[in-house]
Amino acid sequence: MPHGRIIGGLGSPHAPSIGVAYNSGKGDTPSWKPLIDGYKPMQAWLEAKKPDLMIIVANDHANSFFFDRYPTFALSVAAEHEIADEGWGKWPLPRVPGHSEFGWQLAHSLVDQEFDIAVCQELPLDHGCLTPLSCLFPPERRWWVPVIPIIVNVLQPPLPTAKRCYDLGRAIRRIVEAYPKKLDVVMVGTGGLSHQLSGERYGFNDTAWDSEFLDLIETDPERLARMTHQELMERGGADSVEEIMWLVMRGALSPKVRRVHRNYYLPMVTGFAQVIFEDLGDEAAARKAASRKAA
Amino acid sequence: MDPKKQAAPAGRPLWETEVEVLPIQSRQIDFERPLHGTYLTTGLRAQRGYRLSKFCMAFMSPETRDAFKADPERVMSEMALSDYEKTLIREQNFNAMVRYGVNAFMIFKLANAFGVNQNQTGAKMRLQSFEEFIATRNVKDAL
């Protein structure tokens with residue numbers, strides 16, 4: 001029986017400066033090459049694995065949503081997504097295709113599982129999605145995989161807990177696996193590691209914590225899921241709390257993963273990290289199948 | 001913390017108050033351990049900053065950006081900002097805007113209309129010159 005499966009997870013920063021640098025051809029300059037080169041294995045991995053769908057977990061930066069009405073979690077069922085004008089003109093990018101059929105399934109199943117997510121039929125995308133998407137799909141390959149954006153409130157407290165984000169990822173895994181059609185899904189968790197973008201602490205970084213975070217997201221995500229926002233902000237700066245979006249990605253993967261890529265670069269104000277985690281499937285089911293075969 | 005000091009003075013609208021620390025019972029944020037140089041837009045602070053935040057949102061429209069560049073006073077008056085809010089804008093006092101309750105991503109939209117980029121805005125939030133700030137960075141031109 002065909003069914004959906006999670007094939008892996010990617011981690012990517014989403015700072016607008018990266019998308020601008022990449023899209024304006026500055027990827028080979030000394031300032032950007034250490035980061036932009038880190039997208040090459042990710043592009044190649046996608047081309048090799050040929051996912052049917054990308055679920056990208058990002059936050060809106062007050063472009064699709066404003067604080068008049070601000071959802072904790074939102075997902076888009078739109079067939080395609082406009083490019084937002086964030087205040088300095090739209091990026092010259094084509095509209096991003098969505099996946100309405102699975103989007104509605106995801107919406108229903110998440111609410112059935114008591115994740116009361118807001119459902120969007122129009123969702124202009126800002127740099128939160130467009131920086132990673134730009135770099136994962138080079139200009140000649142835009143956009144060959146449809147995308148379902150999941151938007152998490154990391155701007156306006158109260159924010160969802162780290163554990164809630166991890167559990168959201170686990171729910172997404174269950175829903176993908178229950179889908180009765182072939183659907184190879186790649187998850188993308190977006191966000192910078194240590195950084196703070198306001199107050200006198202603007203520019204705060206901690207590279208040792210960033211390195212520890214990258215170890216933990218791979219090998220012990222539940223430990224990260226137990227951290228409070230206070231702890232995350234103390235270790236990594238106020239805006240590093242957006243690392244909880246990486247936990248949605250990680251929660252959707254198998255307990256153990258195969259890391260095939262990890263890169264880190266801190267040029268100015270944000271610790272930028274990229275990872276590829278390959279899903280190892282349901283190990284218990286795999287063992288069972290193996291023992292059946294042996295018998 | 002003395003709760004009396006935290007309450008907004010009676011009869012005055014939130015955005016006119018001097019309230020700086022607005023503790024809330026939270027399992028996620030420890031209001032007894034504020035981080036140096038960090039002003040979370042929690043609760044009443046966010047509410048106080050709402051009108052100025054909304055003003056910043058208008059800069060998503062090219063028409064507002066052009067109108068502001070041509071005549072900032074007219075745009076500020078049309079949006080019915082308070083005198084204090086207008087002063088913050090005229091002075092490009094981004095640090096005070098953060099303390100007032102405006103999220104950084106709103107401030108970046110407004111700063112852009114002044115031709116001030118994100119890291120120049122950040123330097124002002126740090127109460128430093130751009131040159132002082134950039135000297136603390138690993139790479140100077142990854143803007």
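**Exercise 1.** How many residues does the contact take from chain A and from chain B?

*Solution.* Before counting, note that this is a predicted model: local features need pLDDT of at least 70, side-chain atom pairs count only at pLDDT 80 or more, and totals for chains, interfaces and linings use all residues. Residues are numbered from 1 along each chain as its sequence is written, with chains lettered from A and ligands numbered from 1 in the order in which they are written. Two residues are in contact if their C-beta atoms, placed from the backbone, lie within 7 Å. Chain A gives 34 residues and chain B gives 39 residues. On the side of chain A that touches chain B, helix α9 (residues 229-236) of chain A supplies the largest share, four residues. Helices (H or I, at least four residues) and strands (E, at least two) are DSSP runs, numbered from the N terminus.

**Exercise 2.** Work out the strand order of the open sheet in chain A, then find its edges.

*Solution.* Start with the order: the eight strands go β6-β3-β7-β2-β8-β1-β10-β9 in chain A, with mixed pairing. Strands pair if DSSP finds at least two bridges between them. Next, the edges: β6 (118-120) and β9 (257-265) of chain A each have a single partner strand, so one side of each is left without a neighbour in the sheet. From one strand to the next, the twist averages 20°. Now zoom in on one pair: β1 (residues 4-12) and β8 (residues 183-190) of chain A run parallel and are joined by eight bridges. Here A:Arg5 has A:Asp184 in β8(A) as its bridge partner.

**Exercise 3.** Which helix of chain A lies across β1, β2, β7 and β8 of chain A?

*Solution.* Look at residues 244-251: that's helix α10 of chain A, running at about 160° to β8(A). Axes are lines fitted to C-alpha atoms, for helices over the stretch in contact, and angles run from 0 to 180 degrees between N-to-C directions.

**Exercise 4.** Which residues of helix α3 (residues 50-57) of chain B are buried, and what covers them?

*Solution.* A residue is buried if 20 or more other C-beta atoms, placed from the backbone, lie within 10 Å of its own. In α3 of chain B, those are B:Leu52, B:Ser53, B:Phe55, B:Cys56 and B:Met57. Their cover includes α6 (83-90), α7 (94-100) and α8 (104-113) of chain B.

Methods:
A residue is buried if 20 or more other C-beta atoms lie within 10 Å of its own, exposed if 12 or fewer, and partly exposed in between; C-beta atoms are placed from the backbone.
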